[in-house]
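Hi,

Here is the structure I promised to pass on.

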Amino acid sequence: MEFDNVINLVYVIAATLFVFGIKMLGSAETARRGNLISGAGMLIAIVITLLDQGILDFKWIIAGLVVGTLIGGIAARLVKMTSMPELVALFNGFGGLASLLVAWAEFEKIKDFGWGAYSAEMGAPGYFSSIVIYLAMLIGGITFTGSLYAYGKLSGRVSGQAKVFAGQKALNALVFIAILAIGVLFTWTGDLALGDTLFLVGIALALLFGVMAVMPIGGGDMPVVISLLNSFSGLAASAAGFVIGNNVLIVAGCLVGASGLILTAIMCKAMNRTLGNVLFSGFGATSQSEGDGDDREPKAISVQDAYYVLEAASSVVFIPGYGMAVAQAQHVVKELGELLEENGADVNFAIHPVAGRMPGHMNVLLAEADVPYDQLVEMDNINPIMPTVDVAVVIGANDVVNPAATDDETSPIYGMPIIEAHKAKTVFILKRGQGKGFSGLVNKLFVLDNSRMIYGDAKATISELVNELKG
Amino acid sequence: MDLVLLFFIFVLAAFLGLELIAKVPSQLHTPLMSGSNAISGITIVGAIVATGANLNGTVGMILGFLALVLATINVVGGYLVTDRMLQMFKKKDK
């Protein structure tokens, strides 16, 4: 009993370190130290847990820690910055599955001990334990397959398109009701054999539901999905904390759950859509009509001519999108920015909150390319100065610069805050081909009088510009 | 174990989390997400207990072991990759 108190005190310290760590992650100056502090909290939580007297055998614990450290360490070293959304999705999924397994292992313990002995040991009534075990399993399971599916969509292993079919919502609702019904039965029954069957069916349904929930969500809405799954992975850990009656799991998991939820809300707001709309509407699955009959054709410009314009510009704003990540163009973009600066131009990067496939995706890519973070300007700060900008260079972004969002009430993206590239004196749009954006809309920006398209691979185009400038 | 106390802690932690994150600038969203993702690997504590407290070779122990591997990947990978990202965030040094 004495030593249990020591363990719990150390858990309080760990939780405090998590809180400080998260707080420090909120500023670029302190973020790295914040991450270390939160890591230190994790380390002492792990070490003190190893001293728990309930542990009978260390062999497998050490094996597990070693294997996990190797895999995690190698993955963290090798991952490309452009693939960060995939990695985070995968880690979310692992966390979710771990929580599911912890809940399951606890249920196995109940099967060994019987409800009576287990409840006496936990000091909690059986119905409480069964509710939280089911919850931890459910949230963890949905997080796991949802994240894996999101990973598949992000990495291109499965189609990133939203998949909708007739009766999809009804089917999802049905599965969800089945999950709840089995949960109620699982809590209700004291019979362990029946409980075991119900639990296994519950796992299967939770895993199925994770896939079905992510299915109707398209690639461009991934920032919302990843944020939400991040929140879920925290909630799963928190639920696992209720299962084993452990405060540090409850607190840490809940902190993550809250942070993921806030990011989710920020992402939704940046698209002017509700969470319900993102999750259920199958946005982007159906191709929209061509709009209001604007039949002006986009005008193309050669790289050579673009160079003359850039060379004469005194202020340039780059607006990157997912296309920059796909083309791996961040390094040449940075080089171009530097050359333009040397040429006397004022260079900034305008970052839309949902540009890319996860929150902050563009910032990480540009940071990797050594662009100083004070050059990365948020949407609300760049828009007021847009009319004074000589050239706005849109690199692989589409919907986030579509002026239809501000002036066409019939547009599905009407009301979404955008980076007002169209207000710049000249707009260059780097684009692979004449395809549409994620929303399936024709972008009105492309046909404006001050817009010029530069077709081709973004990286190749920018490299050419760099060579011209060096020339 | 006082169940109401656990809920109390949960609710307070939720409000604390909401307060802490609300002001994070958007440029740090990715590291925030991967860093908090690493924290959600705290399940590792539950996994250690489950692996160690169940008898060798039982289903519970095997499940605990799998949970431990996954949670460790989550923790170690999450912290390292966050550090790798944050290391790249630099101010202009001119």
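This is a predicted model: local features need pLDDT of at least 70, side-chain atom pairs count only at pLDDT 80 or more; totals for chains, interfaces and linings use all residues.

The chains first. On the chain B side, 78 residues are in contact with 100 residues of chain A. Four helices of chain B each give at least two residues to that side: helix 1 (3-21), helix 2 (29-40), helix 3 (43-53) and helix 4 (59-88). Helix 4 of chain B supplies the largest share, with 29 residues.

Chain A has an open sheet built from six strands, in the order 3-2-1-4-5-6, and the pairing is parallel. From one strand to the next, the twist averages 25°. Strand 3 (376-378) and strand 6 (451-455) of chain A each have a single partner strand, so one side of each has no neighbour in the sheet.

You can follow one of the pairings up close: strand 5 (residues 426-431) of chain A runs parallel to strand 6 of chain A over five bridges. There, A:Leu430 sits opposite A:Ile454 of strand 6.

Helix 14 (residues 330-342) of chain A lies across strand 1 (315-320), strand 2 (346-351) and strand 4 (391-395) of chain A, at about 170° to strand 1. Helix 15 (residues 361-368) of chain A also packs on the sheet, where it touches strand 1, strand 2 and strand 3 of chain A, and its direction makes about 145° with that of strand 2.

Cheers

Technical notes. Residues are numbered from 1 along each chain as its sequence is written. Chains are lettered from A and ligands numbered from 1 in the order in which they are written. Two residues are in contact if their C-beta atoms, placed from the backbone, lie within 7 Å. Two strands pair if DSSP finds at least two bridges between them. Axes are lines fitted to C-alpha atoms, for helices over the stretch in contact, and angles run from 0 to 180 degrees between N-to-C directions.
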